[in-house]
Amino acid sequence: MEAEQLKDLVIDQLEGSKAKDIKVLNVKGLSSVTDYMIIASGTSSRHVKSVAHNLVSSVKDEGVQPLGVEGDDVAEWVLVDLGDVVAHIMMPQTRDFYQLEKLWDPNWKEVSAQH
């Protein structure tokens, strides 16, 4: 699956799982690890875990095998590594603390979640 298609699939799944404040960072040229980072918030640790689980299930249904899932035991921050797309599903306070959007580039390029 192409990176753009995978990005759209991830966004659709996050929206369907009622994830909040979805942001897409185009990190092509900034990272050799991935093309897109998608950051979203959950409303509780249970919601964060559920969003991540639904995302993994959905991409597997489309034939994409996640490279890794980290943090789902505590569910303050769950990272789902899909290769060209890395999804970070976080509790709002965790997201505020780490500020991944600003970490990658103070003038970060947001790609609209509306596709």
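**A strand and a charged network**

Tutor: Strand S4 (residues 77-81) and S5 run antiparallel and are joined by 5 bridges. This is a predicted model, in which local features need pLDDT of at least 70 and side-chain atom pairs count only at pLDDT 80 or more, while totals for chains, interfaces and linings use all residues. Residues are numbered from 1 along each chain as its sequence is written, and side-chain values use heavy atoms, with hydrogens and water left out. Strands (E, at least two residues) and helices (H or I, at least four) are DSSP runs, numbered from the N terminus. Two strands count as paired if DSSP finds at least two bridges between them.

Is S5 buried or exposed? Buried means under 20% relative accessible area, exposed means over 50%, and partly exposed lies in between (1.4 Å probe, protein chains only). In S5 (residues 85-90), 6 of the 6 residues are buried, so the strand is largely enclosed by the rest of the structure. In a regular strand, side chains alternate between the two faces of the sheet. Both faces of S5 are covered: Val85, Ala87 and Ile89 are buried on one side, and Val86, His88 and Met90 are buried on the other.

Now the charged residues. A salt bridge is a side-chain nitrogen of Lys or Arg within 4 Å of a carboxyl oxygen of Asp or Glu. Side chains of opposite charge can pair when their charged atoms come close. The structure holds 5 salt bridges. One of them is between Lys23 and Asp21, with the closest N and O atoms 3.4 Å apart. Lys23 is partly exposed, at a relative accessible area of 21%, and Asp21 is partly exposed too, at 46%.

Asp21 also meets Arg95 in a salt bridge, 3.6 Å from N to O. This pair links distant parts of the chain, since Arg95 is in helix H3 and Asp21 is in strand S1, 74 residues apart.

Glu101, found in helix H4 (residues 100-104), forms a salt bridge with Arg95 at 2.8 Å, N to O. The side chains of Glu101 and Arg95 are also joined by a polar contact of 2.8 Å. A polar contact is a pair of N or O atoms within 3.5 Å; within protein, one must be able to donate a hydrogen and the other to accept it, and residues adjacent in sequence count only if both atoms are side-chain atoms. Glu101 counts as buried, at 11% relative accessibility. Arg95 is buried as well, with a relative accessible area of 6%. Through salt bridges that share partners, Asp21, Lys23, Arg95 and Glu101 are joined into one network.

Gln99 is not a glycine, yet its phi is positive, near 45°. Its relative accessible area is 37%, so Gln99 is partly exposed.
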